[in-house]
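Please work through the following exercises on salt bridges. Each task is followed by a stepwise solution.

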Amino acid sequence: MELLPVHTHIDDKALVDRRLTNYWGYNTIGFFAPEARYASSDDLGGQVKEFKTMVRNLHAGGIEVLLDVVYNHTGEGNHLGPTLAFRGIDNIASYRLQSEQPRFYLDFTGTGNTFNLLHPRTLQLVMDSLRYWVLEMRVDGFRFDLASTLARDANGVNKLHAFFEIIHQDPVLSQVKLIAEPWDVGEGGYQVGNFPVLWAEWNGKYRDTMRSFWKGDEGKIGEVAYRLTGSPDLYQHDGRRPYASINFVTSHDGFTLTDLVSYNEKHNEANGENNHDGDNNNLSWNHGVEGPTDDPEVSALRERQRRNFLTTLFVSQGVPMLPAGDEFGRTQNGNNNAYCQDNDISWVHWGKRDETANAFYEFTRRLIQLRHEHPVFRRPKFFQGRRIRGSEIKDVMWFNPGGNEMSDEDWSLPFVRCLGMMLSGDTIDVLNFQGQPIRDDTFLFVINAHYETLSFLLPGQEHIEWQLLLDTAAESGFLPEPKSFASGDELPVTDRGACLLKLTAGMQAQARQESFRKRPFDFPHGQPPPLQTEKV
């Protein structure tokens, strides 16, 4: 469980003047103290005891606790901000200052200041804080907000920065989970794929690729394959593993999953900034109507797209991340920057779920269970994509709808929106802790982001049987009774839909073949008829 910031923070004056609060807490002023407002007790120091109790109880339930930590800036703002702590104690040591005009701050964070991790005492403060939360509060790791800022020196983002070197040699911090938000707002700040070996990263490229693909953008199929397989193009070259990729479609920062399929534009008027705040590039699609609708066709397509996103997320290699509330369809009414909304816009109403929300919750629960039960979806090693040395096994194979392996020409076509990925469950290159090969079922995952239904010829030699477990075109997602198909059968894959099949009869080696009935296939192309968009 990754928590939003729990360090003591203050509310920005601009928000207070608008009768709002810094609800997310990214305005830290105390790196060692839990935020007292989050505690139920008014006792002095009661928040410390409550936090420790929470962590202990979560650990008892088998749940690790990760903290989102903000060491890139503080709540003191720019040169016009309040003097609360660091500025008054030692402004030069605490903040990065402009060399020509040291009255003003360097700002790589968009908040008015940048914490000075080039100064040894400030860096020591951060390390002492991290150790405190591990040793005293018993957390299991950290997600570092705007982590690129933490590694900046005079020349930009530096992979050899002292911040990394100290953590890597520290006997405590080097053993916990380290996750970077691998960007900031400064020049050269986008560093996805460039953090050191011990680090995992929020994979922003996964988010953007899957959003683009499922709304029908062209030229994405090659990158989709990379993202489905743990992003080896980003993390394999320096020795990292698939779990370095924290895969997500939505996060706290941006649209919820429901809003992603319901709005083309952000609607942040409640924030009091005339809708100028928040990201304008959301890669979202409202499917014909902006906001809530009673149109049954639009509603059904949105529901299918939500199932597409989550199915893709949970069958992808890497670590899936799902924001609280997305499992049952929480909405923020189009607000994609609800950092200041301590009200119904942001609150997660766990107990107020209608029939649709309950159905989506059950679908999400079963997806998580499927991933938990099948190690083929969470491999600790990257796929080789070819015959494994010493065997005839291909650990991953790619098919077009004609039952053929994808050719170089297929991969290069800009209008390809349909793909089949076969994951071999009997590979010999992945071992358990006892040194034995991990065995699992073989699965075929088929995705179709085209605007028309396509017929997908199932691969394999004769006498192979596949069982359709999941079809996002079905209202429940998972079929009440799995449906059987033979190799060479035509599987209808609904427009903007996904299917997951499991090999149930025949040898796995026989399934890892092009269809014995393979046929030439020309990928359809062109754009769907334009939809009339209504405004809320």
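**Exercise 1**

Glu-35 and Arg-37 form a salt bridge in which the closest N and O atoms are 2.9 Å apart; a salt bridge is a side-chain nitrogen of Lys or Arg within 4 Å of a carboxyl oxygen of Asp or Glu. This is a predicted model, in which local features need pLDDT of at least 70 and side-chain atom pairs count only at pLDDT 80 or more, while totals for chains, interfaces and linings use all residues. Residues are numbered from 1 along each chain as its sequence is written, and side-chain values use heavy atoms, with hydrogens and water left out.

Task: Is Glu-35 buried or exposed?

Solution: Buried means under 20% relative accessible area, exposed over 50%, and partly exposed in between (1.4 Å probe, protein chains only). Glu-35 has a relative accessible area of 6%, so Glu-35 is buried.

**Exercise 2**

Task: Determine which parts are tied together by the salt bridge between Arg-519 and Glu-490.

Solution: Step 1. The closest N and O atoms of this pair are 2.9 Å apart. Step 2. Arg-519 lies in the segment after α14 (508-511) and Glu-490 in strand β18 (residues 490-493), so the pair ties together parts that are 29 residues apart in sequence. Helices (H or I, at least four residues) and strands (E, at least two) are DSSP runs, numbered from the N terminus. Step 3. Arg-519 is partly exposed at 24%, and Glu-490 is partly exposed at 37%.

**Exercise 3**

Task: How many salt bridges does the structure hold?

Solution: The structure holds 26 salt bridges. Asp-68, Arg-143, Asp-145 and Glu-181 are linked in a network of them.
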